[in-house]
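The entries follow in the order in which I made them.

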Amino acid sequence: MSNFTAIFTDSTLRPSQISHLPNTIVFPAAVMGDIFKLSDSFTRIILIDGVFLHHRPVWQRELLYKLNTSTIIYGVSSMGALRAVELRKYGMIGHGWIYEQYSTACISSDDEVALLYGVIKDKVVKVTYPMVEIRWMFKVEELSIKFPNFNIIGAIQSLKSIGFSRRELSNIRDILAKHHLESLVVDRLLSNLSNGLYDIKRLDAISLLSCLYPNFCLRT
């Protein structure tokens with residue numbers, strides 16, 4: 001029996017960036033039934049992205065089925081982190097900051113990792129930004145320490161209340177300003193956000209793949 005790895009990814013990492021990995025086949029974001037369809041030659045699964053809208057999401061039961069056949073399954077970044085938390089007691093392995101946030105109940109809803117996006121010339125163009133990315137921005141920039149007048153709790157509540165489909169840059173800007181973050185700071189943060197500096201989903205996925213593949217690198 002061959003030992004292959006199946007990776008499901010779409011917006012977090014583009015398939016073309018990791019298609020060179022040895023003994024690995026890259027699939028689009030997972031929907032219900034995709035895990036069931038994998039042949040027994042896949043002895044390892046890395047679930048990164050899954051579809052939330054328009055299709056039924058990847059089912060916990062199909063992951064459990066594969067776990068019961070001694071398939072090693074990792075979850076990271078997006079749908080993978082969610083399912084890894086739900087199935088950790090059954091052997092699914094979670095990885096990364098987002099997984100830790102879910103596993104410690106710091107966050108709980110699937111809208112935290114959801115976003116709207118398009119793909120142009122194999123590049124992901126974000127229309128909205130996932131809540132976990134904004135939380136990571138707040139954390140790494142130490143906004144609550146550097147800017148004590150900034151009402152970070154109020155900003156998070158406002159960003160949560162508008163839902164993932166409305167977390168575009170203009171709305172993020174308005175909310176940060178409303179909660180007393182200086183305009184020059186907001187400009188810098190949103191520039192960094194749009195350039196991917198706070199893309200924690202991507203960072204978590206790269207971290208996991210770096211652990212699993214010797215000399216891992218992304219194709220540009």
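I began with the accessible surface of the protein, which comes to about 10900 Å², 53% of it belonging to carbon and sulfur atoms (Shrake-Rupley method, 1.4 Å probe). I kept in mind that this is a predicted model, in which local features need pLDDT of at least 70 and side-chain atom pairs count only at pLDDT 80 or more, while totals for chains, interfaces and linings use all residues. Residues are numbered from 1 along each chain as its sequence is written, and side-chain values use heavy atoms, with hydrogens and water left out.

Next I looked up burial: 51% of the 220 residues are buried, meaning under 20% relative accessible area with a 1.4 Å probe, protein chains only.

For the secondary structure I noted eleven helices and seven strands, taken as DSSP runs (H or I, at least four residues, for helices; E, at least two, for strands) and numbered from the N terminus. The radius of gyration is 18 Å, close to the 17 Å of the globule rule for 220 residues, so the protein is as compact as a globular protein of that length (C-alpha atoms; 2.2 Å times the number of residues to the power 0.38).

I then turned to helix α9 (residues 169-178), whose buried residues are N171, I172, I175 and L176. Seen down the axis of α9, these fall within an arc of 130°, so they line one face of the helix (directions from the helix axis to the C-beta atoms). The buried residues of α9 pack against α6 (131-140), α8 (152-162) and α10 (183-194), contact being heavy atoms within 4.5 Å. Finally, I noted that H180, which follows α9, has a positive phi near 75°.

Methods: Buried means under 20% relative accessible area, exposed over 50%, partly exposed in between (1.4 Å probe, protein chains only).
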